[in-house]
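Please look through the sequence and the structure below.

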Amino acid sequence: MTHTVLVTGVSRHIGARVASVLAQDPDISRVIGVDTVPPPSLMRDGGISLGRTEFVRVDLRSPDIAQVIAAADIDTVVHMSLVSAPSRSGGRVAMKEHNVIGTMQLLGACQRSATVRRVVVRSTTAVYGSSPRDPAVFTEDLEPHEGPSHGYAKDAAEVEGYVRGFARRRPDVTVSLLRFANFMGPGVDSPLTRYFTQPVLPSVLGFDPRLQFVHEDDAVEVLRRMATEDHPGTFNVAGAGVLLLSQCARRAGRPSLPLLSPAFKVLGNAVRRVGLVEYSPEQLRLMSHGRAVDTSRLEATLGWKPKFTTGAAFDDFLRSHGLRPLGGMRT
């Protein structure tokens, strides 16, 4: 059976990679990539080759996305267009509109479609929040003690609510909701990867949080499988193991600067205003309490495990940025 796949967020690195790998699948007849700006591969500075992916400029907040789905007889939608940090031009309001209103419009178009049979949505483990009362490891069915109340995590929690509502209204559609740990790898540009490239790594005094990463290669493979196979449900996606923030600093060969929590907040506000690194309230909580998730449901369902552990994913990121550890044991 041939498929026609719509991928949102193709101007961003992971979205472009997903569109590229799906375009290489002979069982997929068409791949249509949508975003508000053209992917880098269509611009002068080059980028990931999208192969036979057809690009359509669409703002998900507009009803135009329904016309794209209807005109192309889309049967599979891969929604990658969640923004994790506000742009300097649009700010937090535009980010929330893009994430939440854009998803509402997309799911509304899918609900009215007679052809859509599979929907895959990128979410984040940030929906679990970060709290001193959290369990050691989150499974998909556990509720956080303190749900997210800021930024990207709050947007993702709202998006998940709309996705669950869509799944109830369209039980004939296979809906896969993927909660990814922080992406890590050579091509990933995120608030967290920018944090680790700083010459000094501020930390919250008295805390050494556990962190989990998922390598971009493994993230793309999970998305490819979900887009071409029926695996309904909610799944955590992360590399095996955890790293303490102190271990990350040693691996990166970066000195750590422990700060009292109020000082960390002041520093975060200062660097955020000048557009250097995003120290959001949710990142402050992550840097204090950390987060770890269980991935056994994903591995049992797919019969597959990520190739990169959390540590290996971080090491690959370090190598790609020319960051070499200054001694210390590898774990």
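Ring pairs join Y195, F196, F213, F314 and F317 into a cluster; rings of Phe, Tyr and Trp (its six-membered ring) count as a pair if their centres lie within 6.5 Å. This is a predicted model, in which local features need pLDDT of at least 70 and side-chain atom pairs count only at pLDDT 80 or more, while totals for chains, interfaces and linings use all residues. Residues are numbered from 1 along each chain as its sequence is written, and side-chain values use heavy atoms, with hydrogens and water left out.

**Aromatic pairs**

- Seven aromatic pairs are found in a search of the whole structure.
- The ring centres of Y128 and F138 are 4.5 Å apart and the ring planes are at 15°, so this pair is stacked; planes under 30 degrees apart count as stacked, over 60 as edge-to-face and the rest as tilted.
- Y128 and F138 both lie in the loop between strand 5 and helix 4, ten residues apart.
- Y128 is buried, with a relative accessible area of 2%, and F138 is buried at 1%. Buried means under 20% relative accessible area, exposed over 50%, and partly exposed in between (1.4 Å probe, protein chains only).
- Y195 and F196 form an edge-to-face pair, with 5.1 Å from centre to centre and 75° between the planes.
- Both Y195 and F196 are buried.

- Seven strands make an open sheet in the order 3-2-1-4-5-6-11, and the pairing is parallel. Helices (H or I, at least four residues) and strands (E, at least two) are DSSP runs, numbered from the N terminus.
- Why is one side of strand 3 and of strand 11 left without a neighbour in the sheet? Strand 3 and strand 11 (233–237) stand at the edges, each with a single partner strand, so one side of each has no neighbour there.
- On average, neighbouring strands of this sheet are turned by 20° against each other, direction ignored.
- Strands of a sheet pair through backbone hydrogen bonds, either parallel or antiparallel. Two strands count as paired if DSSP finds at least two bridges between them.
- Strand 2 and strand 3 run parallel and are joined by four bridges; G33 has F55 in strand 3 as its bridge partner.
- Strand 1 pairs with strand 4 in the parallel sense over three bridges, and L6 has V77 in strand 4 as its bridge partner.
- Strand 4 also pairs with strand 5 in the parallel sense, over four bridges. H79 stands opposite V121 in strand 5.
- From strand 4, T76 and V78 point one way and V77 and H79 the other way, and all are buried.

**Strand 8 and strand 13**

- Strand 8 (residues 201–204) is covered on both faces: L201 and S203 on one side, and P202 and V204 on the other, are all buried.
- Four bridges join strand 8 to strand 13 (residues 256–259), and the two run parallel.
- The bridge partner of S203 in strand 13 is P258.

**Helix 2**

- Which residues of helix 2 (residues 64–72) are buried? They are I65, V68, I69 and A72.
- Seen down the axis of helix 2, these buried residues fall within an arc of 95°, so they line one face of the helix. The arc is that of the directions from the helix axis to the C-beta atoms.
- An α-helix has 3.6 residues a turn, so residues three or four places apart point the same way.
- Q67, A70 and A71 are exposed on the other side of helix 2.
- The buried residues of helix 2 pack against strand 1 (3–8), strand 2 (28–35), strand 3 (54–57) and helix 3 (91–112). Contact means heavy atoms within 4.5 Å.
- D73 follows helix 2 and has a positive phi, near 50°.

**S123**

- S123 lies in strand 5 (residues 118–124).
- Is S123 buried or exposed? At 1% relative accessibility, S123 counts as buried.
- The side chains of S123 and E160 make a polar contact (2.7 Å). A polar contact is a pair of N or O atoms within 3.5 Å; within protein, one must be able to donate a hydrogen and the other to accept it, and residues adjacent in sequence count only if both atoms are side-chain atoms.
- Not counting residues up to four places away in sequence, S123 touches Y152, A156, E160, L177, L178, R179 and F180.

Technical notes: Axes fitted to C-alpha atoms, helices over the stretch in contact; angles between N-to-C directions.
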